[in-house]
Amino acid sequence: MSDKATLEINGQKHEFPLITGTENEVAIDIKTLRGVTGGVTTIDPGYKNTGSCESAITFLNGEKGILRYRGYSIEDLAEKADFLEVAYLLIFGELPTQEQLDKFHSDIKKHSVVDDDVKKILDAFPKSAHPMGVLASLTSALTAFNPSSVNVESEEDMYNAIVRILGKFPVLVAWTMRKKQGLPLNYGSEDLGYVENILKMMFEKPNKEYQQSEILVNALDKLLILHADHEQNCSTSTVRIVGSSHAGLFASLSAGISALWGPLHGGANQAVLEMLEGIKEDGGDTKKYMGKAKDKEDPFRLMGFGHRVYKNFDPRARIIKKSADEVLGDLGVEDPILDIAKGLEKEALEDDYFVKRKLYPNVDFYSGIIYRAMGIPVEMFTVMFALGRLPGWIAQWREMRMRKEPIGRPRQVYIGENHRDFKTIENR
Ligand code: ACO
């Protein structure tokens, strides 16, 4: 294969180098395009064909259904690693030794205390506020309580900012849920693991000794690993682009949380469960909803189906489907919603409309069913996604800053009015 691409505009030929990644993905490097062509730009709404960066964190191949963090397959990591090891791997590039992992965990615990005044901000939110809005605000507010800016040239400064947010974020998540439920705000325990503490903070009752459930710890650990990174998706690109203006880590993460909230992205897990509930209440007629999803006049979409990159099975969906069966079995929960989900999936996989468009279940088709069996309220589902995605966002922010990437600033093609003379108000 040639190592150059040629573009001809108005009879003039321009050559651009090809870049090949370590998995043989090929990209045309158009950094010089505007300069050599006298201002010609590209247009690619939704960035369907545009690579925004070179990254060494996550590899995914949508055609083959492959997902790897730092070279390790998602299947191996979900089965053999725990979430904190995966977080370390994503952020620092290698699996930690026991010593490195112990230090990482101990540093995170040291930084888990949240300024008590944050509770005043939480108090000001109505109980009806969506937890994603509250979480985005509280994460942004951390900037005010930790105002010193991170010197990204200093590994130590960078490390401290990372363990600080990894320590405080689960506290904010738990408090967001507890506040809504009128429960006292609490903290984790020194002797528990990272994921164990998340569950303790979320579910501990003031009048009952807290009992750890291995089933729930393992289920949450796996879900968080599956959500931990997914290269340049909408929220991650948001974190990178906000961070590219040299806004701080917490501010960049807060923007990522807002991006994740939408139902076309992380908000899909809440939307899936609401959709399945709706189908159940409407008599469980999956065929009717399949028809609605295919009807171009109807705005209804089969939530939890389709993906911008996976045009084959989402490998995370395969792991989660199996996990949903196991967790519900272990907990002794029978959920008719699971049967509706399986029915819809079967019909969609055999339906021409879905087959032609390569629409398969994505990671969030089954995750809500597990969250619900764990006793997590529906409105918290996307918050749980954010908790899992946190290390990915941090890793991508760190990589962007360490590679000294320029500020993100796309171009446009203007299609508005040409120059017009100003009309005074009485002449309009
Ligand atoms: N139900 C019905 N039709 C669908 C669906 C769906 N869930 N998803 C895509 N289609 C159809 C579109 O109508 C379009 O049809 P057309 O070619 O006849 O116009 C075609 O499939 C291509 O869809 P696009 O929207 O162009 O695909 P895009 O890559 O832009 O969108 C997205 C991907 C947003 C995920 C989309 O599939 C969707 O809305 N899915 C439902 C929401 C969802 O589950 N989001 C979670 C994504 S995973 C994550 O963020 C963790």
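Visitor: What is the place of threonine 236?
Guide: Threonine 236 sits in helix α10, residues 234–243; helices (H or I, at least four residues) and strands (E, at least two) are DSSP runs, numbered from the N terminus. This is a predicted model in which local features need pLDDT of at least 70 and side-chain atom pairs count only at pLDDT 80 or more, while totals for chains, interfaces and linings use all residues. Residues are numbered from 1 along each chain as its sequence is written, and side-chain values use heavy atoms, with hydrogens and water left out.

Visitor: Why does threonine 236 count as buried?
Guide: Buried means under 20% relative accessible area, exposed over 50%, and partly exposed in between (1.4 Å probe, protein chains only). Threonine 236 has 0% relative accessibility and therefore counts as buried.

Visitor: Which residues is threonine 236 in contact with, leaving aside its neighbours within four places in sequence?
Guide: With those neighbours left aside, they are Asp229, Glu231, Arg389, Trp393 and Gln396, where contact means heavy atoms within 4.5 Å.

Visitor: What makes the pair of arginine 68 and glutamate 23 a salt bridge?
Guide: A salt bridge is a side-chain nitrogen of Lys or Arg within 4 Å of a carboxyl oxygen of Asp or Glu. The closest N and O atoms of arginine 68 and glutamate 23 are 2.8 Å apart, and the pair forms a salt bridge. Arginine 68 lies in strand β5 (residues 66–69) and glutamate 23 in the loop between β2 (12–20) and β3 (26–28), so the pair ties together parts that are 45 residues apart in sequence.

Visitor: Why are arginine 68 and glutamate 23 called partly exposed?
Guide: Arginine 68 has 21% relative accessibility, so it counts as partly exposed. Glutamate 23, at 38%, therefore counts as partly exposed.

Visitor: What makes lysine 287 and glutamate 347 a salt bridge?
Guide: Their side chains meet at 4.0 Å, N to O. The pair links distant parts of the chain, with lysine 287 in helix α13 and glutamate 347 in helix α15 (residues 336–350), 60 residues apart. Lysine 287 is exposed because its relative accessible area is 60%.

Visitor: How many salt bridges does this rule give?
Guide: The count comes to 27 salt bridges.
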